[in-house]
Amino acid sequence: MTLTVGNLDVRYGGVHAVRDLSFTVAPGEIVGLIGPNGAGKSSTLHAIMGLAPASGSVRLGDRELLGLRPEDVARSGIALVPEGRRIYAELTVEENLRLGLAARRSRAAADLDPVYELFPVVRDFRARQAGALSGGQQQQLAIARALVAEPDVLLLDEPSLGLAPSIVDVVFAALDAIKERGLAVLLVEQRAQRTVAAANRSHVLANGALHLTLGPGDADDTEKLVAAYLS
Amino acid sequence: MSDTGRGAHMRRLDELVAPVVLVVAAALLGSLASISNQTYFTDTLVKVSIVVALYVFIGNSGVLSFGHISFVALGAWTAGVLTVPPSEKPAIMPNLAEFLLHRHVGNVTSLVLAAVVGGIAAFVVGIPLMRLSGLAAGIATFAVLEITYNLLQYEERIGPGLNAFSSVPETTGLRQAAIGAVVCIVVAFVYARSRFGRLLRATREDDAAARAVGASVYRQRLIGFTVSGVLAGLAGGLYVHLLPVNVNSVHLDLTFLTLAMLVVGGSGSLLGAVVGTLAVSAIDSWLAVAENGTSVFGLNLDLPAGTAEIVVGVLMAAILILRPSGLTGGRELRLRGRIAWRGSASRAPA
Amino acid sequence: MSVLAILNIDWQTLADGLALGAIYALMAVGIGLVFGVLRLVNFAYGQLVMAGAFALALASQWGWPLWAGIVLCFAVVLALSVAMDHLVFRPLRGHSPAVMLVATFAVAFLLQSIALLWFGSLGKIASSLAFLNRPWTISDVDIRKITIVAVIVAVLCLLLLHLLLERTEVGLHMRAASMDFATSRMLGVRANRVISFAVLISGALAAVVAVMLTVQTPLVTPDFALRDTIVVLAGVVVGGLNRPIPATLGGFSIGFATGVLGGALPTNQSQYLPTFVFVAVILVLLVRPRGLFDFSRSVERV
């Protein structure tokens, strides 16, 4: 199902974080949201998830999600991999995964194999305390945890933050595979170039508003990228 | 609107008017009441002093304190021990320490000493405790209350222990209670307007920003806590000269009642402290009278004993849930040709 | 044996300490569970125990059989817990912890006043389980049955709770919610369900405590368990408010210490016990706010 964001407006008290934002993410697509700090990228994800006060419209297929509680948004088929990963350090890897099952819509027994296939490290460290994993492994766990809910839409908030380049490769490869499986992926990132190269299209946000949209072909056009960020 | 210059000074003095007028009005009303009912009014005015003391710290710092009644208790003990006639001392305080046995001071001196003791105690307690905020502060100050209660219960060298403070000259009449309340209000006002008060309030709103401009959160809280201890001690001195006080009358019940008064009135403002006390007292006293049987518009009302506390409790819980900033919304009242509200609605203590 | 004799502790005192520790451990869990999911210290927890005790007293006054009294006790306490949750806890969610503390303080007072109104200050007697107050004689030593029963019941409850938290889905959700509430919701954990669960379990524990306390103290007054709640709160803070195991250990330790010292020390020394306890609370809050028994690396919340 397609995620349709229409005229999204997010305000925190006096701060207007997101202004009249509209875009779509269809199944099998990766859409990037890039831009400088404070541009409203995270706020957009939070608003979709019901974690931030927002007006406008967020639709999954035909269903309006704006105004629902976070747990109900999750149970509608949207999964968020939050900034900073936010895994439960004191629970085991397996328990972290089981938590992800809370949003699952299907009644059938959960099949974790597809997730293990994408992230073998999660299977290998099943019984370990999540806090003992490295940053890159925790990021993989966070994505795995979101995937076990079998969502239609996957939101990721700066997954490459603080990760070594080799792990970033793993993450982006996984995102490709996830896209192939038919999920709609909305990727918020600060690494403009990789995102623009990997996504079907990338929206550049500045001051809460959509500035311009780049395609994969623009990934090597450094001038264009810099101009987009600085304008 | 400029905040400097003599004009502003006069404007700000306006905010003192409403609380003082309310207190004076209450005192006048009390003077018209029968002798037996006057005690309610006097008691209310003493409570105004206590609640104003609470406001000085809680209202300006935004930090909760469950322990202020300790300072009221210490003030009461100080004033009480020093004004019980030496001939009566052995009767109610048989184990009193030597140096206290023969000391006797006048009424006003006892009040001043009560205030001093309250201030010193607050200072000493504040030194470790003012580092804490939020829940930790609440629990720690509650611990102080319990420690004071425990010590005063059994330490008979400094007071009557479990006995009541009888034989204390009942010098707190309507006039003295009113004067005491006005003194507390003026001190609270001066403090709140002063640099210290303003710095403390800055830490309440946003303590990171306040630190950035050089305000020491710890120091300002300690100052506020001490000032409020002085006022609480004074109130304790007034209290002991009003009724026979015992350890239980300066423990959880009084803590709850005075906190309720502050919360209902609005913890963020001086006016709130006064309004809350008068409002809750009025309800409480009226209900106490109704508990003894009274008639309202021809209907006979005989409420069961204890209704008053329940109503106050419900009121406090309701205000906290529905309107945490209290009746006044944490604002002061200004009179300048026309009546105007000043100040933003503050949140309940953080 | 000679060590005990030197310390002026006999087996009965030791057993009393264990029993009180067990009861306080249950109360600590009840308080800690609600704190975990709501970040709220329920000052009125003791009033739940009081309500349960009054239910037992009423049942015994009406001549009800024992099992009916216990059922009434549970019903009353659970109903009151749910009411507290819906009327007070939920509307206050999101406010500062201090506001919540004051609010539960108000509720505690309110409930105590209602009890005073209803039952008067003289209280009522709950006599149903009095037989547990009589001693078993084990090799020449008298130990009151209730002390052993209390320990067994507490261990059973804690075991059940452990299984619930570790082996079930809802238990996992509760643990996660108390570690990171916002993220749990985002993963689909139903906030309200988890909170209701915690409140119900907390209430059930209060009911168990009510039953056991009325055996030792059959006279139920409006301030029944008030003292105990305050002491348990002190123990929980000293042990560690943020995590369940340190909190339980804190509750147990203070119960055990109070029980043993109360029995071992002569009255004129034990009367200052509260002072020592509360000085310890202040020291812990200043020096090691996460609690004495908390060795985890989790983020402090107090």
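Q: Which residue stands opposite A:Glu189 in S8(A)?
A: A:Ile34 does. This is a predicted model, where local features need pLDDT of at least 70, side-chain atom pairs count only at pLDDT 80 or more, and totals for chains, interfaces and linings use all residues. Residues are numbered from 1 along each chain as its sequence is written, chains are lettered from A and ligands numbered from 1 in the order in which they are written, and side-chain values use heavy atoms, with hydrogens and water left out.

Q: How many bridges join S3 of chain A to S8(A)?
A: Five, and the strands run parallel. Strands (E, at least two residues) and helices (H or I, at least four) are DSSP runs numbered from the N terminus, and two strands pair if DSSP finds at least two bridges between them.

Q: And S7 of chain A?
A: S7 (residues 153-157) is also joined to S8(A) by five bridges, in parallel. There, A:Asp157 has A:Val188 as its bridge partner.

Q: Is S8 of chain A buried or exposed?
A: Six of its six residues (184-189) are buried, so S8 is largely enclosed by the rest of the structure. Buried means under 20% relative accessible area, exposed over 50%, partly exposed in between (1.4 Å probe, protein chains only).

Q: Which residues of S8(A) point which way?
A: A:Ala184, A:Leu186 and A:Val188 point one way, and A:Val185, A:Leu187 and A:Glu189 the other.

Q: Switching to chains, which pair has the most contacts?
A: Of the two pairs that touch, chains B and C. Contact means heavy atoms within 4.5 Å.

Q: What is the average pLDDT of chain B?
A: 84, with 87% of the residues at 70 or above; pLDDT is the predictor's confidence in each residue, from 0 to 100.
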